[in-house]
Amino acid sequence: MLSIKNLTASINGTPVLKGIDLEIRAGEIHAIMGPNGSGKSTLGKVLAGHPSYEVTGGEVLFEGKNLFEMEADARARAGIFMGFQHPIEVPGVSNASFLRLAYNKKAEAEGRDELDPLEFDDFIHGKIKVVAMRSEFLDRSLNEGFSGGEKKRNEILQMAVLEPKLAILDELDSGLDIDALRVLGDAVNTLQRADRALLIITHFPRILEIIQPQFVHVLSGGRILKSSGKELALELEERGYDWVLAEAAAGGAR
Amino acid sequence: MSTTLNVVTSQEYKYGFVTDIEADSVAPGLSEDVIRFISAKKGEPEWLLEFRLKAYRHWLTMTEPDWAKVNYEKPDFQRIVYYSAPKPKVAKYASMDEVDPELLRTFEKLGVPINEQASLAGVAVDVVFDSVSVTTTYKEKLATVGVIFCSFSEAVREHPELIRKYLGSVVPAADNFYAALNSAVFTDGSFVFIPKGVTCPMDLSTYFRINNKESGQFERTLIVAEEGASVSYLEGCTAPQFDTNQLHAAVVELVALDQASIKYSTVQNWYAGDKNGLGGIFNFVTKRGLCKGKGSHISWTQVETGSAITWKYPSCILLGDDSIGEFYSVALTNHKQQADTGTKMVHIGKNTKSTIISKGISAGDSSNSYRGLVKIQPRAEGARNFSQCDSMLIGHTCSASTFPYLEVQNRSAKVEHEATTSKIGEEQLFYFQQRGIPAEEAISMIINGFCKDVFRELPMEFAVEATKLLSLKLEGSVG
């Protein structure tokens, strides 16, 4: 589904990604872990098309198509979703109208019928149950005055509405208490299917106990230093990141 | 590859065409003779000529204000044409057939419903082209309920007692530099009179068009609502695209007696100059409403999107006890536009209330300032004011400022002020785009959300127009 080859990217001329290779197939769940400043979030933003980052080399194919020939909104409509670490607030734009516009843009791109406000109302009330959101949040301004947890709930609601092929979830667990993490993690699991894939970006293994990855990658200094199965997450929880960095340094010296 | 915020607009001003029409104009320049010429042209009574000359003599002693946060080359008042009227030189057209077809096409192109049959909106319109009113629709229908709606010149002829009573009663001739200039040379405008107890059966509207390259537009609007009367009045304006600046210095006076209500809405889209700041209208306007009676209510709603320079403070004098003043404003500036706009709420009567909601949007290299005064006078027991002034910046090279002035002389007053500044940045746009929403639609949605509190005060049709206009003005702000 997603094929990343020797990807390099920089921000304001400073290289952040220094050669990433990653294959994600349909049905798979991958986790990217690593210390702060390792380039994890950058990878997500580059894939989603954030304007601040410049792709300096390499190739990314999404379902065989060159990702970098698509604008950010086109990538989204093609099925790439990013759950933001810090969702922005937009005063005066109701959550429901934002969700409906996003839904309809995607429906239009896929040749499906768009939903009018009444149809969408029925549709969305089915979806908010999945993330245990109260319906009053639909009428409020987008993320405005939402707590950190409510914002994350809203992100997963958007994911449930858009049903992306590839969801990149950046630090979903930050700002969430354990109960909320459980609810949202379960919601993400319910949305995961054989024809969809997940890329979980986190530096705490806790979330990976709920959303269990088949593949765990350690990213540091803009490179993937180690890739393994889900047992790697547990090992990282016990031992931290330093041993991976040391191992990689030794490997590089050899 | 990616969308970045860049502040180049591709959107052209679509009302920038010039009508090729023979005009009856006076030579440029200002003198007592020119004023006498205008007054004679309009067949005015002696007292009105005196009003003009007095204003002119006072104006000569005044200096142009420079406290606003705007920079421009001061107009040369001797190079302005103070009277320009499309020929034929009749002050009033007996029927639409007499109107020059070229003029009719102009308003057709502008989408102004000049023809009653063709008008769908059911809005009565007074159309002002340079210095004269071309036509006023639905006049007969309005007359059946006693509503007077006509050009200012006609009102001077037909209802001199009302004009004499109210002209200058809210904005005195010597009020300020531009008001004095207007009082000396005003040419036309609209007059509205709603008699006691009458709710005006339709919205009234004036459409202003500057066509002549050298002409200034100095219109005068006077709206009087007697006891218990109410009216909703709309104003729209456009001008052709010239690389020189044209001066627009209007005066609008509103008078509301006991329990009367006047709602005044403006969508201002004068030519703003090109993206390098060449040309455009200098919009120096004095608008003031007097809540004279007990329980009277005056509400200003403005959507300011045009003009090179805007200097405008629609205000309310809350004289009557329990009177209410409101000011809802969206001011958008792009490229090199400069706006210094806001309001004054002067609380004189007891239990008077005022609300100020101002939304400033700046893009390009523009400068957008809110300037507002809330004054609570000593006997304004129980006065209340709520002000909210929000600014939104698009890009990195524009500026927004807020200058709230507060003078409270009565201890029982309650005054609240809130202000925010936000920025449509890459992060906001990226969020929308990441959900599949293209940048242009994202901007439009964000801006409309930002302006919602003001737009909902506009009459429905105007609100739709305003929404479209803002999107149009910002088109290309994101590249």
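**Exercise 1.** Determine how helix 1 and helix 2 of chain B are oriented to each other, and which residues join them.

*Solution.* Step 1: the axes of helix 1 (residues 32-41) of chain B and helix 2 (residues 46-60) of chain B come within 10 Å and cross at roughly 155°. Helices (H or I, at least four residues) and strands (E, at least two) are DSSP runs numbered from the N terminus. Axes are lines fitted to C-alpha atoms, for helices over the stretch in contact, with angles from 0 to 180 degrees between N-to-C directions.

Step 2: helix 1 and helix 2 of chain B are therefore roughly antiparallel. Angles under 35 degrees count as roughly parallel, over 145 as roughly antiparallel, 65 to 115 as roughly perpendicular and the rest as oblique.

Step 3: B:Glu32, B:Ile35, B:Arg36 and B:Ser39 of helix 1 of chain B make the contact with B:Leu48, B:Leu49, B:Arg52, B:Leu53 and B:Tyr56 of helix 2 of chain B. Contact requires C-beta atoms, placed from the backbone, within 7 Å.

The model is predicted: local features need pLDDT of at least 70, side-chain atom pairs count only at pLDDT 80 or more, and totals for chains, interfaces and linings use all residues. Residues are numbered from 1 along each chain as its sequence is written, while chains are lettered from A and ligands numbered from 1 in the order in which they are written.

**Exercise 2.** Classify the packing of helix 4 against helix 6 in chain A.

*Solution.* Step 1: the axes of helix 4 (residues 117-130) and helix 6 (residues 148-162) of chain A come within 9 Å and cross at roughly 130°. Step 2: this angle makes helix 4 of chain A oblique to helix 6 of chain A. Step 3: A:Ile124, A:Lys127, A:Ile128 and A:Val130 in helix 4 of chain A meet A:Leu157, A:Ala160 and A:Val161 in helix 6 of chain A.

**Exercise 3.** Describe the overall dimensions of chain A.

*Solution.* Step 1: chain A has 10 helices and 12 strands. Step 2: its C-alpha atoms fill a box of roughly 65 × 40 × 35 Å along the principal axes. Step 3: among contacts in chain A between residues at least 6 apart in sequence, 70% join residues at least 24 apart.

**Exercise 4.** State how many residues of chain A and of chain B are in contact, and which elements of chain A contribute.

*Solution.* Step 1: 24 residues of chain A are in contact with 20 residues of chain B. Step 2: helix 2 (72-78), strand 7 (90-94) and helix 3 (95-109) of chain A each supply at least two residues of the side touching chain B.

Terms used. Two residues are in contact if their C-beta atoms, placed from the backbone, lie within 7 Å.
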